[in-house]
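Student: Can we go through the side-chain contacts in this one? I'd like to start with the charged pairs.

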Amino acid sequence: MQGSIGYVELIYAVQNKIPYGTVKNAAGEFVKASLESVTAAAAAVPNMPADFRVSITNAPGKEAYSISSFTWLLIPQQSKDAPKGKILADFLNWMVDDGQKMTSELTYAPLPESVAQKVKAAIKQVH
């Protein structure tokens, strides 16, 4: 409807050529959604908890897009099938290593290196 405001994922807006504006962030800056501004929001987390349960909505930082979020995976640390556990761990390692190189072309923000390193450490517990 003309004159209304809504919310969609960045990838949806980009793929469908939907115009979007800037949003005022916690630092008082008006920031447009972009891969860089979403990654900046993720990088602004001062102390990433070991279980990764943290919100990056309204993250601090001049370059952080305030309506950002992580996507989480909930997986068992101990697989009932050891070979499948190894396959899962290998896939997760690929996701935070080589897979990160594909995020931009898919219009998803890459994890900041500080977060990726913590994820890699957590993956070592999966088997």
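**Salt bridges, cores and rings**

Tutor: Arg-53 and Asp-51 form a salt bridge, with the closest N and O atoms 3.0 Å apart. A salt bridge here is a side-chain nitrogen of Lys or Arg within 4 Å of a carboxyl oxygen of Asp or Glu. This is a predicted model, in which local features need pLDDT of at least 70 and side-chain atom pairs count only at pLDDT 80 or more, while totals for chains, interfaces and linings use all residues. Residues are numbered from 1 along each chain as its sequence is written, and side-chain values use heavy atoms, with hydrogens and water left out.

Student: Is Arg-53 buried or exposed?

Tutor: Arg-53 is exposed, with a relative accessible area of 66%. Asp-51 is partly exposed, at 41%. Buried means under 20% relative accessible area, exposed over 50%, and partly exposed in between (1.4 Å probe, protein chains only).

Student: How many salt bridges does a search of the whole structure find?

Tutor: Three. Lys-86 forms one with Asp-90, the closest N and O atoms being 2.8 Å apart. Asp-98 and Lys-101 form another, at 2.9 Å from N to O.

Student: How far apart are Lys-86 and Asp-90 in helix α3?

Tutor: They are four residues apart in helix α3, so about one helical turn separates them. Helices (H or I, at least four residues) and strands (E, at least two) are DSSP runs, numbered from the N terminus. Asp-90 is partly exposed, at 41% relative accessible area.

Student: And the accessible area of Asp-98 and Lys-101, what is it?

Tutor: Asp-98 is partly exposed at 36%, whereas Lys-101 is exposed at 62%.

Student: Switching to the nonpolar side. Which residues have the most contacts inside the largest core?

Tutor: Met-48, Ile-56, Phe-70, Val-119 and Ile-123, in a core of 18 residues. The elements giving two or more residues to this core are α2 (35-43), α3 (82-96) and α4 (113-123). A nonpolar core is a set of buried Ala, Val, Leu, Ile, Met, Phe, Trp, Tyr and Cys residues joined through side-chain atoms within 4.5 Å. In soluble globular proteins, nonpolar side chains tend to be buried together.

Student: What is Ile-56 in contact with, leaving aside neighbours within four places in sequence?

Tutor: Ala-41, Ala-42, Val-45, Ser-66, Ser-68, Ser-69 and Phe-70. Contact means heavy atoms within 4.5 Å.

Student: Why is α2 described as largely enclosed?

Tutor: Seven of its nine residues are buried, so the rest of the structure largely encloses α2. Those seven are Leu-35, Ser-37, Val-38, Thr-39, Ala-40, Ala-41 and Ala-42. Their cover includes α1 (10-15), β2 (30-32) and α4.

Student: Ok, rings. How many aromatic pairs are there?

Tutor: Two, from a search of the whole structure. Phe-70 and Trp-72 have ring centres 6.2 Å apart and planes at 65°, so this pair is edge-to-face. Phe-91 and Trp-94 are stacked, at 6.0 Å centre to centre with 15° between the planes. Rings of Phe, Tyr and Trp (its six-membered ring) pair if their centres lie within 6.5 Å; planes under 30 degrees apart count as stacked, over 60 as edge-to-face and the rest as tilted.

Student: Which is buried or partly exposed, out of Phe-70 and Trp-72?

Tutor: Phe-70 is buried at 14%, and Trp-72 is partly exposed at 44%.
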